[in-house]
Amino acid sequence: MSTTPRARVGRPRATAGSTQLAPRDEILDAAAALFVENGFAATTTRAIAERIGIRQASLYYHFAGKDDILVELLERTVRPSVEFAKTLREDPSLASAAALHMLAVRDVETLAAAPHNIGTLYLLPEANRDRFDGFRASRRELRDAYGAFAMDAATDALRATWTLAELGAAIIHLVEIVIPLRREGEMIDAVRIADACLRLCGLDDAAIAAATGR
């Protein structure tokens, strides 16, 4: 009788994978590409699985469906910045203008690094469903963090005419200009965008230089 060890049974790939990503991240990367290329509604879980050469059943081992995949992709574009904002708030020695600038730089870098410019899917009709409440709540939390830092840093004249929510919304939309810039192939300069956020608060070049240590 042969003593050759038997191969372990698992969830085999349909074909060999082409990346060194972990299986869950490989699924997310393939889904991001297909969502951006073809649209969310037109992309099936079968197409995602075929993109990376796994069986559809293997995809369901990691995600219940494509809604769960999109939720994870979208939350990855805001979660790091939300956590960074909390860290900045916990530093009493950090001036609000400096904190706002640092947060904007980090947020731009996160969006610029998101796979396949997944931020283009923010305005999908599907993202308004209840399943995406967590993502929308995280984005509101980030908006309010921007607003709080901005109101503290802003000039008296600006504080008299803007609410925290309005200023936070204006700044988060300014940061998210990176999304159409990426789509158009333009260069992304995180520091320049962060500088513009401070200018939106009414700070002049000298105040921006002081806030950023330049």
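Predicted model: local features only at pLDDT ≥ 70, side-chain atom pairs only at ≥ 80, totals over all residues.
The loop between helix H5 (96-113) and helix H6 (133-153) contains His 116. Although His 116 is not a glycine, its phi is positive, at about 55 degrees. Asn 117 belongs to the loop between H5 and H6, and this residue, not a glycine either, has a positive phi of about 55 degrees. As background, most residues other than glycine have a negative phi.

The two residues are described by their accessibility as follows. His 116 is partly exposed, with a relative accessible area of 35%. Asn 117 has a relative accessible area of 8%, and is therefore buried, the cut-off being under 20%.

## Aromatic pairs

Two aromatic pairs are found when the whole structure is searched. In one of them, the ring centres of Tyr 122 and Phe 135 are 5.3 Å apart and the planes meet at 50 degrees, so the pair is tilted. Because Tyr 122 lies in the loop between H5 and H6 while Phe 135 is in helix H6, the pair ties together parts that are 13 residues apart in sequence. Both Tyr 122 and Phe 135 are buried.

## Charges over rings

Two contacts of a charged end with a ring can be described. Lys 66 places its charged end over the ring of Phe 40, at 4.6 Å from the ring centre. Likewise, the charged end of Arg 106 sits over the ring of Phe 84, 3.9 Å from the centre of that ring.

## The largest pocket

The largest pocket has a volume of about 410 Å³. Its lining consists of 18 residues, and those nearest the centre are Tyr 122, Leu 123, Arg 139, His 173 and Glu 176. Two or more lining residues are given by each of H6, helix H8 (164-175) and helix H9 (178-183).

H6 provides the largest share of this lining, with five residues. By class, the lining of the largest pocket comprises eight nonpolar, four polar and six charged residues.

## The second largest pocket

For the second largest pocket, the volume is about 230 Å³. This pocket is lined by 14 residues, of which Leu 73, Arg 76, Ala 113, Ala 114 and Pro 115 are closest to its centre.

Helix H1 (23-38), helix H4 (66-89) and H5 each contribute at least two residues to the lining of the second largest pocket. The largest share, four residues, comes from H4. Eight of the lining residues are nonpolar, two are polar and four are charged.

How values were computed
Residues numbered from 1 in each chain as written. Heavy atoms only, no water. Buried < 20%, exposed > 50% of the residue type's maximum accessible area, 1.4 Å probe, protein only. Phe/Tyr/Trp six-rings, centres within 6.5 Å; stacked < 30°, edge-to-face > 60°. Lys NZ or Arg CZ within 6 Å of the ring centre and 35° of its normal. 1 Å grid on protein atoms, 1.4 Å probe; cavity = no way out; pocket = protein on both sides within 12 Å on 5 of 7 lines; lining within 4 Å. Points joined across faces, edges and corners; volume = space filled by probe spheres on them. Nonpolar A, V, L, I, M, F, W, Y, C, P; charged D, E, K, R; others polar.
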